[in-house]
Amino acid sequence: GKDTLIVDLGAGYVKIGSASESEPRQVINSVTKAKHVKTRVFVGNELDECKDLSGLYYQLPFQKGYLLNWELQKQVLDHCLKPYADKRPLSEWQVIVTEPCINFSPVAEALDEVLFEEYGFKAVARLPAAFLAAQRDQRQRGVLPADHACLVLDCGYSFSHAAAYRRGRLVPGSVRRVNVGGKVLTNYLKEAISYRQLMVMDETHVMNQCKEDACFVSENFDADLAAMSRAAQRSPLDSEAQERCQKLCCEYVLPDYAQHRRGFVRQLGSQKQQQQEQTLRLGIERVATPELLFRPSDAGIPEMGVAEALCDTLSGLPPHEQPLYTDAVVLAGGSCRFAGFANRLETELRASLPDDFPLGVRCHGDPAAQAWLGGRDLALSPDGALECYAVSRKDYRDHGAALCSERFAQFT
Amino acid sequence: LQPAMVDAGVSSRLRETRRLVLDEAARQRRHRRALEALEADNFQADPHADLRVSKLAPKFSDEASSFGPSRDSLGGVAASADGKKSRKAKAAGGSGAVGTLGGRLRRNFAALLEEELARRAQLPGAAASGSTATPYELAQVGPSRLPPRHFCAVCGLLGPHTCVVCGTRFCSASCYSTHQDTRCLKWTG
């Protein structure tokens, strides 16, 4: 019901909101230190109060996608939960909290323990984010639970997962993990710029924003690369190649924290460079960065990309059922937000699938919010679906961690 | 670096200059370090690592608990910078117990995975089934079926040519001379 909090606990951001809200608040999941502010740290979105966002040092509760440091996580969660705890004591709230597709028992048990014993929630449902995205898809398309089948692609901060869901449950053995996420993309962009133009290795925050503002997924990366290479050699370009180059080349004006707190993209030649401005010249980096999701080997990572991973998941499913899954490829996670992502995924999948398979890449709004929205749909569902997933505080006290692993393990 | 003397069938002038060529092992090491750098949460060391709180400053709460461990989460590239342990770092070490819920949670991911492997190996059916792979390992995707692309380290465009000394890719003579002048064997990835 409405007394449910949905906390999508991610390595990059916490997406939090109550079931009565229509969208989640995104809170950076970090206790951040600023170079010039020695008297305090910034917990979560307190970072908005920091005047100078250069040289930030992040302390993340997550490591390689798993929640390991509760010292830090408690600080961020306390900060996120405060507005809700003020409205009503936490003991009167139920909570849906997310975990990765594949979790470790110590991590899961620690999460349950903190939620029940430190925060004292009335009931807890610990569910994989991809599972919630599948729930969202089923309800958005109005498919009956018994008929539902989908593939979920969850691209987050630490990694990306492909997984198959059937009738509201994870298909065992269908999960595939690609170790490329927002973090790797930002680091790649930082290195590229630092090699070629300006030392920005310390400026994770700024370059992360640059990635979000300037990067997009190319519908044909090889063509973009060929066009830019020819332009660099001063060879003549046909009109298509010229268009590609024009689309790619731009300036990114860096923030100065006096007038601008965030950088922005500017078309070449549209404005003369102001005196105090620092700008970056961007070109192939704009598409080469998100390209890593599709081709990790571009950065020397010996793994297949997200499209291949989805096909790998699919190949493990019963052949006569595979078309059911390809009809719903659900996008979730912040790293799916790049412009052109859905289009490119569709092109790659279409090329790999038999002609007679239906293909439907489904994006039900902001990919970063899909898991949260799925949790909200679950909480508000009139058939009381949340009941079968939640464990009450009383049951936790009586039966302990074993009950949680049993109840929540239905999905892993 | 393992210097290899490249002198067979080479002119005496070139033999004078000791030419360093990175062998395969060194190249693999550089590659691995580059991959670790891609996984780092912070590039620089903790800016507050050597903060010393004046004894006269009022203590409102347990200050140790407001700072997490001063190493960056992976203890990778950046951490090598901090050699000295400040008072804060020592205090933070104490608060590590709180962060790991009384030591029940491992402090780093490698330990978590190791523990999971050990746990699996001890399960009754483990020896019989022969497979002790965890779901985490099984989910790991394999290499791509597509051949890898190579990019010029200097300009980021197609890099069909390889530097003989360090194995870095470049696209043209001008990018190669930039590479030789500034970056060959100097960029620590």
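Two strands are said to pair if DSSP finds at least two bridges between them. The views below come from a predicted model.

**View 1. A three-stranded open sheet in chain A, with strand order E16-E15-E17.** The pairing in this sheet is antiparallel. Strand E16 (264-266) and strand E17 (279-282) of chain A each have a single partner strand and stand at the edges, so one side of each is left without a neighbour in the sheet. On average, and with direction ignored, neighbouring strands of this sheet are turned by 30 degrees against each other.

**View 2. The pairing of strands E15 and E17 of chain A, and the helix that lies across the sheet strands.** Strand E15 (residues 250-253) of chain A pairs with E17(A) in the antiparallel sense over four bridges, and Leu280(A) in E17(A) is the bridge partner of Tyr252(A). Helix H5 (residues 204-214) of chain A lies across E15, E16 and E17 of chain A, and this helix runs at about 140 degrees to E15(A).

**View 3. The interface of chain A and chain B, where 69 residues of chain A are in contact with 65 residues of chain B.** Between them the two chains bury about 6000 Å², of which 56% is on carbon and sulfur atoms. In chain A, the residues that lose the most area to chain B are Tyr57(A), Arg177(A) and Tyr195(A), which together make up 13% of what that side buries.

**View 4. A salt bridge between the side chains of Lys183(A) and Asp41(B).** The distance from N to O in this salt bridge is 3.5 Å. Helix H4 (residues 182-196) of chain A gives the most to the side of chain A that touches chain B, with nine residues. The residues on that side of chain A divide into 37 nonpolar, 12 polar and 20 charged.

Key:
Residues are numbered from 1 along each chain as its sequence is written. Chains are lettered from A and ligands numbered from 1 in the order in which they are written. This is a predicted model: local features need pLDDT of at least 70, side-chain atom pairs count only at pLDDT 80 or more; totals for chains, interfaces and linings use all residues. Side-chain values use heavy atoms; hydrogens and water are left out. Contact means heavy atoms within 4.5 Å. Buried area is the accessible area (1.4 Å probe) that two parts lose on being put together, summed over both. A salt bridge is a side-chain nitrogen of Lys or Arg within 4 Å of a carboxyl oxygen of Asp or Glu. Helices (H or I, at least four residues) and strands (E, at least two) are DSSP runs, numbered from the N terminus. Ala, Val, Leu, Ile, Met, Phe, Trp, Tyr, Cys and Pro count as nonpolar, Asp, Glu, Lys and Arg as charged, and the others, Gly among them, as polar. Axes are lines fitted to C-alpha atoms, for helices over the stretch in contact, and angles run from 0 to 180 degrees between N-to-C directions.
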